[in-house]
Amino acid sequence: MKGLYLTAALFGASSTASKLYTASYAGAVTTLELGRSDSGYELTTISSTTDCGPNPSWLMLNADKSLLFCLDEGLNGPNGTLTSFEVDSDGSLSKIHQSETVLGPVQSHLYSAGNRTFFAVAHYSGSSVTTYALDPNGVFTRRQTFTYELDGPGTDPDRQDAPHPHGVVLDPTGQFILVPDLGADLVRIFRINPSTGLLEPQTPLAVSPGSGPRHGAFWTPKGARPGRAIDTRFYLTSELNSHLTGYEVHYPKNGTIAFDKFFETTTYGGPELPSGATAAEIAISPANSHIVISNREDNKFGTNNDTISVFSCADASGKSFTNVTHTGLYPAYGSIPRQFEISGEDQAIAIALQSSHRVAVAGWDDKSGDVGPLLAEKDLEGEIVCAVWDA
């Protein structure tokens, strides 16, 4: 495990405060401000709202950061809820539109088609994928619902009793939506109709039985032109076996998308897998050179202190693909890091610590891919399941 570096290089002296939006299963969406003073860093509450619903599970900002979308998982049923908010100048949130949806929404992603904006949602407990058309004012309308069934329980019958779509990923060309389905051991694939924005189901990608695919991320060479996909890779985290799998991505002339597996290891970079540990979030670093993954309930850095695992996937320039190599395991500064987000601008990683009921912000070295010391933390009510930067 690599040693942690000093914080002197983090956050330039003239840096202005940044904001974080957090979601809690206790029902609150809270805006925090990360400020710096002579005494260090501090997370301060700016505002909080309960307008999303009883169990906010995922937050999504639009491109210009003027709208925030909140998924309410609806843990006690019978439905979930989607809500759009206007982001005010101070980071507070004003509800625009709300709609009931299929139970269990856990992740979403925006996409475009025909000069219009849409988003897709994965519903874990509802075994579904839904799509919505979005107008410029933040009002959305449901377009499609895909609901799935299994012929019988999967390899892990306790967790694979039904299909459980868990993630939504947009490919680099903007032509396909991928949905890892933990319950079905599939990555469901949809082509985006370029005229209507409707999703068109394709042949899914089958993964190892019992692996439980959760989230994924695409990698393309740094500086690649938008809409092109040369040397594209897709990296998938699987929750039930805590594996990281890499695929070469191809775009055949028939208009489909294809995957060839070239790499697989545990999310710890080797055969060691702590008992009871499960992989959660995955992201490509802002410098485009590292794969970052959170591991839950491994207690590698002491009781209730889980891990962030980092892999190198490109050279120092972030342009040339190289062999994937595990480079370090770092503390998550709390228990069950369900989700995280890295701010390249702030050189910091915000970690949603579900069981610690806390958000932690640590340093991030974008060149080396090292997670640094804890900069600030904030205890909040309930299980914290999502934290996103405004930058």
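Which residues does Phe 119 touch, not counting residues up to four places away in sequence? In this predicted model, where local features need pLDDT of at least 70, side-chain atom pairs count only at pLDDT 80 or more, and totals for chains, interfaces and linings use all residues, the list runs to Met 60, Phe 69, Leu 82, His 109, Leu 110, Tyr 111, Thr 130, Thr 131, Tyr 132 and Phe 140. A contact here means heavy atoms within 4.5 Å. Residues are numbered from 1 along each chain as its sequence is written, and side-chain values use heavy atoms, with hydrogens and water left out.

Phe 119 also turns up in the largest nonpolar core, a set of 27 residues in which Tyr 21, Leu 59, Leu 68 and Phe 119 touch the most other members. Such a core is made of buried Ala, Val, Leu, Ile, Met, Phe, Trp, Tyr and Cys residues joined through side-chain atoms within 4.5 Å; buried means under 20% relative accessible area, with exposed over 50% and partly exposed in between (1.4 Å probe, protein chains only). At least two residues of the core come from each of β1 (18–24), β4, β5, β6 (80–87), β9 (116–123), β10 (128–134) and β29 (384–389). The largest share is that of β5, with 5 residues. The strands named here are DSSP runs (E, at least two residues; helices are H or I, at least four), numbered from the N terminus. In soluble globular proteins, nonpolar side chains tend to be buried together.

On to the cysteines. A disulfide is counted when two cysteine sulfur atoms sit within 2.5 Å, and the count comes to 1. The partners are Cys 52 and Cys 70, with their sulfur atoms 2.1 Å apart. The torsion about their S-S bond is about -85°, so the disulfide is left-handed. Cys 52 lies in the loop between β3 (40–49) and β4 (56–61), while Cys 70 belongs to strand β5 (residues 67–72), so the pair ties together parts 18 residues apart in sequence. Cys 52 is buried at 0% relative accessibility, and Cys 70 is buried with a relative accessible area of 0%. What about Cys 386, how far is its sulfur from the closest cysteine sulfur? That distance is 8.5 Å, to Cys 70, too far for a bond. Cys 386 counts as buried too, at 0%.

The largest pocket has a volume of about 1100 Å³, a volume being the space filled by probe spheres set on points joined across faces, edges and corners. Its lining has 36 residues, with Trp 58, His 109, Ile 282, Ala 283 and Glu 341 nearest the centre.

There are 2 cavities of 30 Å³ or more. The largest cavity, about 50 Å³, has Trp 58 in its lining along with others including His 166, Arg 214 and Val 385. The second largest cavity is about 30 Å³, and Phe 119 is back again, lining it with Phe 69, Cys 70, Leu 71, Leu 82, Thr 83 and Phe 140. Strand β5 gives the most to that lining, with 3 residues.

Terms used
1 Å grid on protein atoms, 1.4 Å probe; cavity = no way out; pocket = protein on both sides within 12 Å on 5 of 7 lines; lining within 4 Å.
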